[in-house]
Protein chains: 4
Amino acid sequence: MISNQALIQSFTMTRGKTESLCNPLEIEDYVIQSMPDVSPPKWHLAHTTWFFETFLLLPLTHYKPFNPIFQTLFNSYYQKLGQPYPRHKRGYLARPTVQQVYAYRHYVDEKIIKYLHELPQDELQRIAPLIILGLEHEQQHQELLLMDIKHNFSLDPVYPIYQRKSDKTHSPTQDVDWVAFSGGVMEAGYAGDGFCFDNELPRHSHFLADYQLANRLVTNDEYLEFIEAGGYKTPDWWLSDGWDAVVNNQWQAPAYWQQQGNEWYVFTLNGLGKLNPNEPVVHVSYYEADAYARFKQARLPSEMEWEHAATTLPAKLKGNFLEENHLHPIHASEDETVKQLLGDVWEWTLSPYTPYPGYRPLKGALGEYNGKFMSNQMVLRGGSCVTPSSHIRTTYRNFFQPDKRWQFSGIRLAK
Amino acid sequence: MISNQALIQSFTMTRGKTESLCNPLEIEDYVIQSMPDVSPPKWHLAHTTWFFETFLLLPLTHYKPFNPIFQTLFNSYYQKLGQPYPRHKRGYLARPTVQQVYAYRHYVDEKIIKYLHELPQDELQRIAPLIILGLEHEQQHQELLLMDIKHNFSLDPVYPIYQRKSDKTHSPTQDVDWVAFSGGVMEAGYAGDGFCFDNELPRHSHFLADYQLANRLVTNDEYLEFIEAGGYKTPDWWLSDGWDAVVNNQWQAPAYWQQQGNEWYVFTLNGLGKLNPNEPVVHVSYYEADAYARFKQARLPSEMEWEHAATTLPAKLKGNFLEENHLHPIHASEDETVKQLLGDVWEWTLSPYTPYPGYRPLKGALGEYNGKFMSNQMVLRGGSCVTPSSHIRTTYRNFFQPDKRWQFSGIRLAK
Amino acid sequence: MISNQALIQSFTMTRGKTESLCNPLEIEDYVIQSMPDVSPPKWHLAHTTWFFETFLLLPLTHYKPFNPIFQTLFNSYYQKLGQPYPRHKRGYLARPTVQQVYAYRHYVDEKIIKYLHELPQDELQRIAPLIILGLEHEQQHQELLLMDIKHNFSLDPVYPIYQRKSDKTHSPTQDVDWVAFSGGVMEAGYAGDGFCFDNELPRHSHFLADYQLANRLVTNDEYLEFIEAGGYKTPDWWLSDGWDAVVNNQWQAPAYWQQQGNEWYVFTLNGLGKLNPNEPVVHVSYYEADAYARFKQARLPSEMEWEHAATTLPAKLKGNFLEENHLHPIHASEDETVKQLLGDVWEWTLSPYTPYPGYRPLKGALGEYNGKFMSNQMVLRGGSCVTPSSHIRTTYRNFFQPDKRWQFSGIRLAK
Amino acid sequence: MISNQALIQSFTMTRGKTESLCNPLEIEDYVIQSMPDVSPPKWHLAHTTWFFETFLLLPLTHYKPFNPIFQTLFNSYYQKLGQPYPRHKRGYLARPTVQQVYAYRHYVDEKIIKYLHELPQDELQRIAPLIILGLEHEQQHQELLLMDIKHNFSLDPVYPIYQRKSDKTHSPTQDVDWVAFSGGVMEAGYAGDGFCFDNELPRHSHFLADYQLANRLVTNDEYLEFIEAGGYKTPDWWLSDGWDAVVNNQWQAPAYWQQQGNEWYVFTLNGLGKLNPNEPVVHVSYYEADAYARFKQARLPSEMEWEHAATTLPAKLKGNFLEENHLHPIHASEDETVKQLLGDVWEWTLSPYTPYPGYRPLKGALGEYNGKFMSNQMVLRGGSCVTPSSHIRTTYRNFFQPDKRWQFSGIRLAK
């Protein structure tokens, strides 16, 4: 049983965190949409607010909307709530201004807090899950904000810097160790009584053969071997669709890498700098992860293997998450059996994103949250350096199309 | 141990069957490519020949190719054998003429038969699997030939007729019965010692929950209910990608259906005729199959469920296959527990096409046969009315992208 | 002979006017690019500055560029000056910020003024034409700024208002009178000793048959007749390319018009309001102008007819130009033989934009200013309500592709 | 006054010529459409027949159409006659077969001949212009047939040969002489009482300045100088749209040229062979012709200059036309002041295709013949080696979009 005060505090902190992520931005930075996958930061600020307004406040009889047209402008994809404003045109919206968007946030926040404050206990228990869903949703957009700002900035020839880099020393990469796990009939899916998304349910049995996981992520220097062996020039290692993606997009390296003479540079939220060979490779597509694994005569883990390993190992939710403020993966620490399982980079699995047996989406418009995306996407696990640590679980299922690279995605090998 | 004569006979019969499928064609019909997925009939005739020439004859020192440029023209997608002629331009090839393509077939056939005839026993056993793979490949193209001719003809306003219809009586559709199966740890994948494709291996364990299958396929009149309930007008039942496909392709019904006034017509290999309400619905995409299942508050079977059911039931490989010469699905017969499991239509499953645990592709260029397509496709099971019956197995895995509809694909519900 | 002070004053006034046009903008408004033809207002401010920096300051040995990367970012299309930043990605540039762009303007302005101040007389006469070209160029971008702001605002569902409307009374439209002109061998092209663009030269002889011009522009209510007669639904009145444009762009009315129930509304720089039937129709493409003329069994004037008429009539450069601050065409005044010839709307002519006989482009990179656009465009004449009056001449040749409509273009009939 | 017999003879000869041009074709060759601009040969045969059926026979009360669906299938672009079958899908029509198309031709021919035979004199004079228009139309399609067959064959890696080459000796190219013409007020447009197209009328006055024409066409070796000087690598010589065409289409030479090692080859209707340096360059776009002219510090002639020169010079209609059966331009003969003015290649002019002052299109559906294409195209003059000689006039205006190259178009310089 959650108390009014606890829920208000969660609400205030998460909502505040989103705004603080925008502190380094100039007003101009809030408006840019550098590809259809990306949304302007301003839009994220408004859309997360729209979620609370739509699902919490609008059903209240006395609530007066901040601006009725925002119902359309800031609906992402909920078809049951009317035709959303076209996604690829979000960068055409000069107005509402950034100031008006903040006013919208504060208007809705005030109403929500007042509402939560006054809610009797039984009502509070009924409403709390919706508030929590909204805050989990907001955390997803905190990650998207950083992904999208990074992409926007990367296309600007002046290479804006989101935050100055803190110096990090890097010890040389250790050889990979393979950690063995025994198979059998296992249980997967969320088992606790806290929050989880509908796609983590129901908990169900499945069969696993014995498997091994690499004890750390693939690094830049390892990935460079693949490039130098002609990885992007010969179709042998690639899925057919993957090779088409290489050719059509003229990929020659992970996203954000560029070659100047003989030197590799990489654009990060710290600006443009030399590639660090010991860091985990990041911003690779599924196709690249899969091709790299084949090059190494290995494979990617399945999501069931990953979840089993993460559950089996001494439980902890430590890792290089958003709170560390690196905003970039770091080299493997010395002290764990399987390193970097949580945080750093989302790990591609070889599992397509499909419903668990017996899956039931949420009722109403919120049923569109996860279920309708269960085709043509691959599962990623473990969270990244721009994921809030309180957002992640070992049963958490992230998903992207196999050609996407602007998320912080990397590679762990299996066999 | 197969004998020289038996192998030659298989070879002769399968090669002959392909040609006899082209008997109804005019020369002009051999040249058409009405969409990039489709190949001209002439191309199928040549490509299946190319397979034998490339993998059997070219390695022989004394073999003189029929025409060296055919190595490029009729390579489908084997990147290891050099850059294939672009797929979407196959309809630009006036030459070689149909007559020359037949001459190519007969030249290669003669060489292969002579070669097989003279082969000593030990060599024969080594070579036989490659011949058999070539014949299985040829059978796949027999089905493709009919799929592609149908598509080509359907776009021609004179609606050519491939074969005249034999009259069939149709009893009214019976209500669906649900057949229950018990779950547990099961084995799947090919277990015999005959031919199978690499993607059916290795046989492996997996876990199944209890499930139920509909005892027959979904019919046209049942699918019409979905259309009339606004199935193609409201996004509620659709995957997000599926709804995009509906909007972008302006789908309003299965492929080959057209409405004239209040009446539905359908184009088949028998020409244009009235829709028969009792026949199984065919030429639906995965998205339509999935949306229909959701509309009926059911789901599609997984490929493991389908295989388990097909293996559990009294084994027989009877069904409405190519040999029946209907070239169209027929209504459910009375005498089986689960009807139409084999033949009639390929049944969409909810399983993405992925490698079985421990999957190993063939060596060399033939390794490109199956494995490189294991992304963004869904598995279909059971064969169809244009599949040779000797080609199918209960472990056979067919696969198409979820938006494809020109294959003979239909719907069986599960829950 | 122009004096240092006069030139500095021209420079200061024109540069200041550009900035004052941006007074109504929020920072967010400066960043938007709502179609590839449009540039963000910020970009216009920088590009016009780039022109002075590139052609005047960079050749000076002691000049230190404000920011070297601006040479690429704000080059529009001068291939001789290096690869320009891609036009359709100007809306991806969050940085430089608006503040930095203004700083760039003021930095360059200061250097130019200092330079002009110190220039000896003979040098001044040599340099003055380049300064004047830069100011004429800046005036073109003043018009583009308003065109582009209008387009950007029109796509934003909140319909931002650039300036509040001043009330205007509108008397009913008078019937058209036809004014007759006698033909013969005429002279066309600029004849004075002031500034003109290279495409207005050389003055040359040409032959004109007798012709007639309508004494006023086509109005909204006249154009509505065309719409209501099925103008956008039947191909009869249209050029073949024009009909393709209607179908592909789903045109149903001029740009910025929208129908709500039975009422027509129009978006202007004053926001969204009811269509005024007596105003000249504006924002039509060449195809629409041509189709309308055919519907009226008339034609558009040639540019030679227009120029001859404008030169023959009692000379005056009065009209509804930018200085009037209407930013929208107004109804025909009573007191002229041929009304609205200058200002209000650019008048489409039936003349493709081609070089005059003996045309020579400017030397060097400035040779790319006009000549390289002499294909696939049509000439428009007379200036519009967003053209600075000091920018226009009766020999002035504007040009746009025949399917463009975001410029303030309208229709005068001829026969 | 034309006699029944004379008209029937014209009809028979022209219709027969079209069929004899198809003699070298295999049935497969009739079906191919290798780009949207091209039509399958079968379609040309049917469409020219459709013209006579539609405009001559269908108005007759007793006429029974060969097949009513052909009215849609073989309508090219006459919107007034109903929605034509989509142009870019003509290559999807397997049926009607080639044999059926010939049957269609012979059915219509027989009806027309019978009709013409029985027509009384006064009716004959009324009908003759329509027959003649149909035959001129047919001659245009004779040229299109050869253009389209050439394009289709060029994309087939086996390089089919339409006809074997007759050996031709080539003397070295002579230096260009410039022939001077005096200007003044001239008359242009058709003046006789024979057949001409509506776009050659009305005859009208225009003014010409003095000009000079090169006495022969530009040759391959001259054009190679342009290529070797980096013509396709630097934007300096190109119109802006032209440079876009170079980049987007990756042009590196005229159409049908290919480089193998250091040697240039060219595909012609005689197959693939070495480039002959002394022949006129052919299959260049307007953009290439214009860029080449600029490279040579010259320009293209205007269509009025060309027509004036052709009319002024000692009249003759001799030249390398279709009847010569070279099907390729040949080197300049010695005996004329201005060589190759007629035949060999269509000469690009710098004149956009616009109506002559006072132009009136034909009445009814035939009004769509020429007028509706008067935008975005350039005029070419003089006929080519695949134009029937009886089809050409010095007032004849051909027209193509400036990026088209599959017509036999070349370059004559002017200044």
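The structure is a predicted model.

**Chain A as a whole**

Chain A contains 9 helices and 11 strands. Along the principal axes, its C-alpha atoms fill a box of roughly 65 × 55 × 40 Å.

Chain A can be superposed on chain C by a rotation of 180 degrees, with 0.0 Å of shift along the axis and an RMSD of 0.0 Å. The two copies are therefore related as by a two-fold rotation axis. The same surface serves both copies, since 100% of the contact residues of chain A recur in chain C. Within chain A, the residue that comes closest to the rotation axis is A:Glu28, whose C-alpha atom is at 3.0 Å.

**A helix pair in chain D**

Helix H4 (residues 98-118) and helix H5 (residues 121-154) of chain D have axes that come within 12 Å and cross at roughly 150 degrees. An angle over 145 degrees counts as roughly antiparallel, so H4(D) is roughly antiparallel to H5(D). The crossing of H4(D) past H5(D) is left-handed.

On the side of H4(D), the contact is made by D:Arg105, D:Ile112, D:Tyr115 and D:Leu116. H5(D) contributes D:Leu124, D:Ile127, D:Ile131 and D:Glu138. Sorted by class, the contact between H4(D) and H5(D) has 6 nonpolar residues, 2 charged residues and no polar ones.

**Backbone details**

Most peptide bonds are trans, and most residues other than glycine have a negative phi.

| Peptide bond | Omega | Location of the proline |
|---|---|---|
| A:Arg95 and A:Pro96, cis | about 0 degrees | A:Pro96: loop between helix H3 (70-73) and helix H4 (98-118) of chain A |
| B:Arg95 and B:Pro96, cis | about 0 degrees | B:Pro96: loop between helix H3 (70-73) and helix H4 (98-118) of chain B |

A further detail concerns phi in chain D. D:Tyr256 is a residue other than glycine, yet its phi is positive, near 75 degrees. D:Tyr256 is located in the loop between helix H7 (240-249) and strand S5 (257-260) of chain D.

Definitions and conventions
Residues numbered from 1 in each chain as written. Chains lettered and ligands numbered in written order. Predicted model: local features only at pLDDT ≥ 70, side-chain atom pairs only at ≥ 80, totals over all residues. Heavy atoms only, no water. Least-squares fit on C-alpha atoms with pLDDT ≥ 70 in both. Contact = heavy atoms within 4.5 Å. Axes fitted to C-alpha atoms, helices over the stretch in contact; angles between N-to-C directions. Helix = DSSP H or I, 4+ residues; strand = E, 2+ residues; numbered from the N terminus. Parallel < 35°, antiparallel > 145°, perpendicular 65-115°, else oblique. Left-handed = near helix turned anticlockwise from the far one by under 90°. Nonpolar A, V, L, I, M, F, W, Y, C, P; charged D, E, K, R; others polar.
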